[in-house]
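Please have a look at the sequence and the fold, and then read on for the details.

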Amino acid sequence: MIHKNCSGNHTGEGSIGVLESARKDNHPFSAHTPEQRRADNKSAVDVCPMRLEEVTIPVCSRGTGANSRSGDQFSVFISNAKAAEFRIVVGDIGGGFGMKTGLTPEDALVCYAARKLGRPVKWRADRAEDFLAAHMGRDQHHKARLALDRDGRILALEVDTLGNIGAVPVGSSAIIPLQLGPKVQTTVYHVPQVHYRVRAVLTHTMATGAYRGAGRPEANFLMERLIEKAAREMKLDPVELRRRNFIRAAQFPYRTHVGDTYDVGNFGAVLDKLLAHADWAGFPARREASLRGGKLRGRGLSAYLEWTGALPTETVDIEVNVNGEVTVFSGTQAMGQGLETSYTQLVTEVLGVSPDKVRIVQGDTDRANGVGSVGSRSAFVGGSAVVAAGWRVINDGKALAAEALEAAAADIEYRDGRFRIAGTDRALTLGELAARQQRRMFRVSATETPSTPSWPNGAQACEVEIDRETGEVKVASIASCDDVGRIINHMIVEGQVHGGVAQGAGQALYEVAVYDAESGQLLTGSLMDYCVPRATDLPPLAPSFDESVPCKTNLLGVKGCGELGTIGAMPAVVHAVLDALGVLHMEMPLTAEKVWRALPIAR
């Protein structure tokens, strides 16, 4: 027993839904029922100053990257001091992927030591410490059944999940299996009946916590494995089976079994666009070419859905100075996802000013406060607040300009950085208006709270080649089509998808955190033992997008994009390997050794 007050090491349990079970012949599971027993490989992530390395499916992080709530967190940890006594300044922190949103004991201890000693104190974990002591990700075990009628239409889904949260859980440990996974468990499909049982379990491993996707990759992977297995067992086209069960356009807004509402979606159109983009119809010719070269070739498909917009309120301040410079103060935190670029684009669109006049301030609790960046919320919530603050600059500026120009506010027009009395040449630039204020600047604030989360979704197609002699898997192609609503900056979104796909493929093929069963010693404690994908392990990636159904719940019409690539790549890659081997199931990661051992079955 890990903790005396947790009988059976169960620290949390949840149950959702009741399956109708009148007579056995009417029970949904009297129809065709593919079953799936599977375990998520535990992934670890190594946090370095410049980049984050993963370790399978777990999330291992102990970085000190902070969000704007860090001052409040410090005040609790250090002698009950007040938050106002601390200033947290964050520079470039490399990747985050969920692990840098909370306070670690070392963060508080360093601050305490600096105050106690009266001098600067620096602490940084080395890579070995991160592998051992930073929280990991995934590590869920599922027993699931999917019921379908003779035509392949889904009738019911039953899932029993055990989620390992380690010995000393972090803030997100139990939330991931108990709350976040069930939010998207039925993904893009209409499932009339569900029953979920989820238990969070204490073990002697390091804690699991948020890692790119945080519960949504696990749930989507399980659903896609069930769909794919059903298609193969029922000898149905996997594309048609998915299409047959998609939530239809007429069903939106769509109420889920856990009480959430999908505002929009066009899953069939996204799938159609992917199939054309991936040249799905041309696969037989490519398979024959691989066979002539002595290689097995397989293809895999995934359709998936994400929930984004955690903690859906953000405040942004904008300050205009006498030089006409526009400074945006945001509590979100850039960590490689290009927020400075995206926010600058939004400001220039709203205010019509040159990009070189825009400054973005984040990561300083004396200057910008808010919730922070987590759960792909930055553009969805933070970007909406940027636009709202931009509108406030115009509205408040009109009142100030009317007073300065001795005109009615209704007669003031704004365009491209200038307030002008309509029909005249009398005008003030933003800088000139700021110069007329008592403090030679003016500042506005706006808070935005989207009405509901966003539900980005997509589809991926993967093709792999397998070496018959060694079992080595080469990813030949990965194509994707994602609906992330309105795209602010295509290059940034493509980069987000690229990184996500790499992490998903890494989990599918390489990554797993392994402990010795007898001693509890971590056996994958370095990048010599824990395999992560390199650039040479992946083909040129080909993301495409569908912007036909913008999100209806925020000002911009955007949906989060940072985690979609990971969610879709895991099942697509696994399905491609299974297709090449002609087997129904293997546990991740599908290493060369596992595949080599399965080759006699394939032959």
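A residue is called buried when its relative accessible area is under 20%, exposed when it is over 50%, and partly exposed in between, using a 1.4 Å probe and protein chains only. This is a predicted model, in which local features need pLDDT of at least 70 and side-chain atom pairs count only at pLDDT 80 or more, while totals for chains, interfaces and linings use all residues. Residues are numbered from 1 along each chain as its sequence is written, and side-chain values use heavy atoms, with hydrogens and water left out.

**The chain as a whole**

- The chain has 14 helices and 21 strands; these are DSSP runs numbered from the N terminus, with helices (H or I) of at least four residues and strands (E) of at least two.
- Of its 603 residues, 57% count as buried.
- The chain exposes about 25400 Å², and carbon and sulfur atoms supply 51% of that area, as computed by the Shrake-Rupley method with a 1.4 Å probe.
- Among contacts (heavy atoms within 4.5 Å) with a separation of 6 or more, 77% come from residues 24 or more positions apart.

**Helix H13 and its contact with H5**

- The axes of helix H5 (residues 216–233) and helix H13 (residues 564–581) come within 8 Å and cross at roughly 30°; axes are lines fitted to C-alpha atoms over the stretch in contact, and angles run from 0 to 180 degrees between N-to-C directions.
- H5 and H13 are therefore roughly parallel to each other, a label for angles under 35 degrees, with over 145 roughly antiparallel, 65 to 115 roughly perpendicular and the rest oblique.
- The H5 side of the contact includes Arg216, Phe221 and Glu224, and the H13 side includes Ile567, Val574 and Asp579.
- By class, this contact of H5 with H13 has 7 nonpolar, 2 polar and 6 charged residues; Ala, Val, Leu, Ile, Met, Phe, Trp, Tyr, Cys and Pro count as nonpolar, Asp, Glu, Lys and Arg as charged, and the others, Gly among them, as polar.

**Helix H13 and its contact with H12**

- Helix H12 (residues 490–509) packs against H13 at an angle of about 45°, with the axes 7 Å apart.
- H12 and H13 are therefore oblique to each other, and their crossing is right-handed.
- Residues making the contact include Val497, Gly500 and Gly504 of H12, together with Ala569, Met570 and Val573 of H13.
- The contact of H12 with H13 divides into 10 nonpolar, 6 polar and no charged residues.

**Backbone points to check**

- Most residues other than glycine have a negative phi, and most peptide bonds are trans.
- Phe252 and Pro253 are joined by a cis peptide bond with omega of about -5°, and Pro253 sits in the loop between helix H6 (238–245) and strand E9 (254–255).
- A cis bond also runs from Met588 to Pro589, with omega near -5°; Pro589 lies in the loop between H13 and helix H14 (592–602).
- Ala214 has a positive phi near 45°, in the loop between strand E8 (193–202) and H5, and at 8% relative accessibility Ala214 counts as buried.
- Lys235 has a positive phi of about 55°, in the loop between H5 and H6, and at 73% relative accessibility Lys235 counts as exposed.

**A buried strand residue**

- Leu157 belongs to strand E7 (residues 154–166) and, at 0% relative accessibility, counts as buried.
- Leu157 and Val194 are 37 residues apart in sequence, with their C-alpha atoms 4.8 Å apart in space.

Terms used
A crossing is left-handed if the near helix is turned anticlockwise from the far one by less than a right angle, and right-handed if clockwise.
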